[in-house]
Amino acid sequence: MSRESILGKLRKNKPVVTSEVSAFDFESGINATEEFIRSVKDVGGNVTGINSIENWGDWIKRSYGIGLNVYSEVASLIGNYLLDKEISNEQLNKIDVAVLEGEFGVAENGAVWVERFAHRSIPFITQHLILTLKGSNIISNMHEAYAELAEYGIPDFGVFISGPSKTADIEQSLVYGAHGPKSLTVVIS
Amino acid sequence: MTDHYESAKKFLKEPSKVDWHDETLWWVRKKRDRAAGEVDEWEELREAASNIKERALAELDSNLMEFEQKAIANGITVHWAASAEKHNEIISDLLRERNISRVVKSKSMLTEECGLNPYLENHGIEVVDTDLGERILQWKEHAPSHIVMPAIHLKKKEIGKIFAEKLKIPESDDPQLLTETARQHLRGYFLHSKAALTGVNFAVADTGAFVVCTNEGNADMGVHLADVHIASMGIEKLLPKTEDLAVFLRLLARSATGQPITAFTSHFKKPARGKEIHLILVDNGRSAILGKRGFWKVLKCIRCGACMNTCPVFRKAGGHSYHSTIPGPIGAILAPHYDSEKYGSLPFASSLCGSCTAVCPVKIDIDRQLYAWRQELTRGNGSQLLVSLIGKALQRNKLYDRLGVFLSMIQRRFPWIVNRVLKAYTQSRSLPDVPAESFKEWYKRNRDE
Ligand code: SF4
């Protein structure tokens, strides 16, 4: 049995380590929102305030084009594309713009934590992604992020999203939209 | 033994490519410096990461049992593989039981280590690599030359050629266009694959969850659209606590590419309804390394690639010159554990400048281990005998003088002997001329004047 032999060897071979590990001591930054906005832009994303979107339908058209399938899970920003109860991959693949709710944002790296979606593939398969975020839910760094997650418990599946999908595999030239969303916009309310 | 020096020559044949490779990796190294510099507590983070990993490795047996118990309770099927063969067998069995003959796969150095792709192909299962760099390499039938930038040894013209050949498109060297083409080409595979394979960047014992990081989003595209997710994980990837992830995620991408975090950092705890997650815990030599004094800390590695980008030998010689799954400084201290004969030249492919140790986010003593390997590998062979003879000669005045006179005579009269003996050294440099008299002789003559 692999299990017993691995555990047996580990028990026999493990080194003695005397140093203590304590929780990492960190300081929270000030102006987390400002830093967050800067970070999202640095990783290739866009940020906009909910107030600067006067007419949602027009804004979508202006930003992404006309005749698109907009799928939304945010009540105030309605979409025009619905998913069936039994969601198929083909259906998911037709999403042009997905609007999902972010739980919190991390200032140091522009990441937004997302854990609620009708199907786990939505934030990846969509051509463009919009994440909404409450301004009061922006925190400084990853230590705070995990403190937050510890409080509510790690969900069955959750993801930090920092900017759109990207690759630099061809001569280190940065290209957005490798497999996942070609663009990411964070809408702060 | 495959000699590093000999295999590096192949890469060095194209000087302009070598310069590009050298400069590009140095540019990535500088991006890493900038990103690290923006975090005030960077050094504290490295120290914390090192401590957490050392402690985690010392408790790996109990941590793994806790992890297993939690993961099973969450609905993940946990498998154990003592060897690469066992790992491959588990995956092949899982796929065959489900009549799956094609899988999409995201980047995983562990599956490279295990030789999974050829194994599955031999068992009639098609593997589609979905990381852009890896897809290109799969077409070119090349191994990755770098653990983070697998296709860094290729220029865009070569990539454009292979795209034209495989996808029947006009030849182009535009990265934007090529990436878009690959996106459309691979989307079809994502939509129709029943199983997806991924690696694991970190797992945590206290929740039984595991984390996969990508920039392209290909791991998630694969697993969420498939019914079965099979994740391969080296046992050393396990962390005790969820909060530890903060330390490592702050370090990983900054060290790797200078990004503050990868675009997608996905946390898997339970399978989605109606779907399966299988996690394979792979040993393949790790538990043995854990027992080697002076060497076990190599297991702290989080595979960021920073030691490669900074290494003057790696930048000039290219990753393939190491002919090991993991190249560069970390590969040079890891590979000999698996085969000290085959990889015996790797610890010598270093200037011992220590740059790798200086950038390593988990503070592995890479340079010290390189040196320790050299001693280990030369124990009892000719070169160590020679070194000890030289040591003796240096201690004895007369012997040293005579040896000096003798060797200068040889070099002057029979230079070809010297060149043959010191071939590796003299091929790309020439030895200094022997002066007409030694310093000692000169001093003797001039002392009284
Ligand atoms: S040895 Fe250190 S620097 Fe090199 S890949 Fe591993 S973690 Fe990164």
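Mentor: Let's talk through the contacts between the chains and then a few other features, keeping in mind that this is a predicted model.

Trainee: OK, how many residues of chain A are in contact with chain B?
Mentor: On the chain A side there are 64, and they meet 89 residues of chain B.

Trainee: And what's the area buried between chain A and chain B?
Mentor: About 6500 Å², with carbon and sulfur atoms giving 61% of that. In chain A, the residues that lose the most area to chain B are A:I170, A:E171 and A:H179, which together make up 13% of what that side buries.

Trainee: What about salt bridges, how many between chain A and chain B?
Mentor: The count there is 8. One of the pairs to look at is A:E108 with B:R250, a salt bridge whose closest N and O atoms are 3.0 Å apart.

Trainee: And how many residue pairs are in polar contact between chain A and chain B?
Mentor: There are 39, counting pairs with both residues at pLDDT 80 or more.

Trainee: Which elements of chain A supply at least two residues of the side that touches chain B?
Mentor: Helices α1 (2–13), α4 (89–92), α5 (122–125) and α6 (142–152), plus strands β5 (111–114), β8 (157–161) and β9 (166–167). The largest share comes from α1(A), with 9 residues.

Trainee: How do the residues on that side of chain A divide into nonpolar, polar and charged?
Mentor: You get 27 nonpolar, 24 polar and 13 charged.

Trainee: Which residue stands opposite A:V159?
Mentor: B:S266, which sits in β9(B).

Trainee: Changing topic: how is chain B divided into domains?
Mentor: Domain 1 is made of 1–38 + 298–379, domain 2 covers 60–284, and domain 3 covers 393–446. The C-alpha centres of domain 1 and domain 3 of chain B are 33 Å apart.

Trainee: Back to salt bridges, how many does the structure hold over all chains?
Mentor: The total is 36. Within chain B, for instance, B:R46 forms one with B:E43, and the closest N and O atoms are 2.9 Å apart.

Trainee: Where do B:R46 and B:E43 lie?
Mentor: Both are in helix α3 of chain B, residues 42–58. They are 3 residues apart, about one turn of the helix.

Terms used. Residues are numbered from 1 along each chain as its sequence is written. Chains are lettered from A and ligands numbered from 1 in the order in which they are written. This is a predicted model: local features need pLDDT of at least 70, side-chain atom pairs count only at pLDDT 80 or more; totals for chains, interfaces and linings use all residues. Side-chain values use heavy atoms; hydrogens and water are left out. Domain bounds come from an automatic or database domain assignment. Contact means heavy atoms within 4.5 Å. Buried area is the accessible area (1.4 Å probe) that two parts lose on being put together, summed over both. A salt bridge is a side-chain nitrogen of Lys or Arg within 4 Å of a carboxyl oxygen of Asp or Glu. A polar contact is a pair of N or O atoms within 3.5 Å; within protein, one must be able to donate a hydrogen and the other to accept it, and residues adjacent in sequence count only if both atoms are side-chain atoms. Helices (H or I, at least four residues) and strands (E, at least two) are DSSP runs, numbered from the N terminus. Ala, Val, Leu, Ile, Met, Phe, Trp, Tyr, Cys and Pro count as nonpolar, Asp, Glu, Lys and Arg as charged, and the others, Gly among them, as polar. Two strands pair if DSSP finds at least two bridges between them.
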